[in-house]
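Me: I would like to go through this model with you, starting with the contacts between chains. Please keep the answers plain.

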There are 2 protein chains.
Amino acid sequence: MSLAGFGSLHVGGRAAQLSGLPIRISQLTNAGAPTPLDPNGTHWVEAMYAQYFVPQDVRFELPLLMWHGGGLTGACWEGTPDGREGWLHHFVRRGWTTFSCDAVERGRSGFPPVPQVFAEAPVHQPAHWAWERFRIGTSGSRFPVDAYGQFVKQLVPRWTGTDDAILRGYLALLDEVGPCCVLAHSQGGQFAWLAAQARPGLVRALVLVEPSGVGDESQAEHLRPTPVLVVQGDGQQADERSAALRARIDAYLARIRSAGVDVDALDLPAHGITGNSHMMMLDLNSEQIAGLIADWLGARLSPAAPLGVMPA
Amino acid sequence: MSLAGFGSLHVGGRAAQLSGLPIRISQLTNAGAPTPLDPNGTHWVEAMYAQYFVPQDVRFELPLLMWHGGGLTGACWEGTPDGREGWLHHFVRRGWTTFSCDAVERGRSGFPPVPQVFAEAPVHQPAHWAWERFRIGTSGSRFPVDAYGQFVKQLVPRWTGTDDAILRGYLALLDEVGPCCVLAHSQGGQFAWLAAQARPGLVRALVLVEPSGVGDESQAEHLRPTPVLVVQGDGQQADERSAALRARIDAYLARIRSAGVDVDALDLPAHGITGNSHMMMLDLNSEQIAGLIADWLGARLSPAAPLGVMPA
């Protein structure tokens, strides 16, 4: 794999004035002296981290931004728990400049550990949640189930009341990067819809992998410049929560299609691809699905080429 | 830059049984239904994230593990706040398979947000701390001070009572990776000393950049197989805290040398290189310092070559 470069940046955030916090006396390392730590003052909070990889042979003018789901970080794109390459590799190999992002308060973006900024406590998943909620343990699952114990090591805490800050982070990245494509998973889908609407036309194509959120329907016209692909896995109907979410997402898609938004649906079982979990970027056929997405993006960005995926 | 590969892994950690925590009703996304979130059960905590880059042309048999300082993550090696390449690039370009690590509870390693695992609250730095404590704002500083506002975006919370868990994470990585070299900064130095001692001979060379911690003197003989380079910047004497820390580190080095440990000291001002801050991997002459370190490593791993840096 030849890279012209890689690196990272932090974008966005804001200055927060903290006061009234207790001064602690602490020894930060075993060679340090006990030191008063006064946390009062100006903190920079809610910045967002993104890591980028630029192929030597860039074949697409636009970069691809990958936005992870809840309880996860950009690490979910970097490889699979059973040791295969991730979707990040797939897109870089195909000539995409690719950004792997950590949402605000996730991973290398850090978090403000004071109730003055985030009032609530974060949520941390017990190990069995993902097994159930991500449809990993279902019959015929394509998830590498023997590596589930490795997968849970990458789960991180998340807050539930930080949507506005996370969206601001993604908008700061869009403003920094400029025209681009966005591939978002699960919780990331909510921010991808909203960010594309907030910057009409800046997101030139939007791929949503089992999105768990929706855009602002009253502003649906702002999505008209953006072709959208929604990818759904298997087994949702057998799981009450997944089925209800899928129904709400499908109803939303129908309504924004009526408003003139160009939405393709890739329902994997309808194309004979069965067994995919919510974490399809880690499933045993992850390369096949990445290929379908990359084909769709390539087709949508080069109108002369045939569509790799037909609208459902 | 040609890479044979890159990716990441999570190592270590342990199962923690949490009970008695309140069940919250929360709507995780704007398309989700309010859901009871029961955090009780088995959590995997204290795993550690490491991202690796393998050059196409590997020129050293051993990988290099880079361990960041307090309040930081592996992002500190990936570039400078004024947009230059980082030490990660330097070592990969010179043929090192390089691991950029996030300590336990830092960055993509995640953290257990419950007092049952980490009893204390984390520390988050006000923006001015690093300016003062890392000697960034001193006269003649080589830090890219105009980009200080960009730098503070990468600061993340840290705990002060998590040393044992962090060390276990690094040991899990050593056990996974095998023989290697370690380059550690500041707080990372404490873990590097202790990890090298806990696995005598596994760390074949140890580079400590302004370490803020020390090893276990009663076990100094376990460091004898490991040549050590300690790199110190400028201006420490003008800062009371830095001067006191430096004195304790120097006294420690003298004692372990007496115990037969092979320690080279690279005092940058003594070599005519002035103005380096505690964050010398981000300073304007960061490439020069990386080069001195890489020369030392190359010399120590290829005894036939002349030493690039002489003991002070």
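Me: Which side chain does A:R108 meet in a salt bridge?
Reply: The partner of A:R108 is B:D102, at 2.9 Å from N to O. A salt bridge here is a side-chain nitrogen of Lys or Arg within 4 Å of a carboxyl oxygen of Asp or Glu. This is a predicted model, in which local features need pLDDT of at least 70 and side-chain atom pairs count only at pLDDT 80 or more, while totals for chains, interfaces and linings use all residues. Side-chain values use heavy atoms, without hydrogens and water.

Me: Where do the two residues of that pair lie?
Reply: B:D102 is in strand β6 (residues 98-102) of chain B, and A:R108 is in the loop between β6 (98-102) and α2 (127-133) of chain A, so to speak a pair that crosses between chains. Helices (H or I, at least four residues) and strands (E, at least two) are DSSP runs, numbered from the N terminus.

Me: What area is buried between chain A and chain B?
Reply: About 6200 Å², of which carbon and sulfur atoms give 54%. Buried area is the accessible area (1.4 Å probe) that two parts lose on being put together, summed over both. A:F6, A:R108 and A:K153 supply 13% of the area that chain A buries against chain B, more than any other three residues.

Me: Now the helices. At what angle do α4 and α5 of chain A cross?
Reply: Helix α4 (residues 163-177) and helix α5 (residues 187-198) of chain A cross at roughly 55°, and their axes come within 9 Å. That makes α4(A) oblique to α5(A), a class for angles that are not under 35 degrees (roughly parallel), over 145 (roughly antiparallel) or 65 to 115 (roughly perpendicular). Axes are lines fitted to C-alpha atoms, for helices over the stretch in contact, and angles run from 0 to 180 degrees between N-to-C directions.

Me: Which residues of α5(A) make the contact?
Reply: A:Q187, A:Q190, A:F191, A:L194, A:A195 and A:A198. Contact means heavy atoms within 4.5 Å.

Me: And what are the angle and the axis distance for α4 and α5 in chain B?
Reply: In chain B, α4 (residues 163-177) and α5 (residues 187-198) pack at about 55°, with axes 10 Å apart.

Key
Residues numbered from 1 in each chain as written. Chains lettered and ligands numbered in written order.
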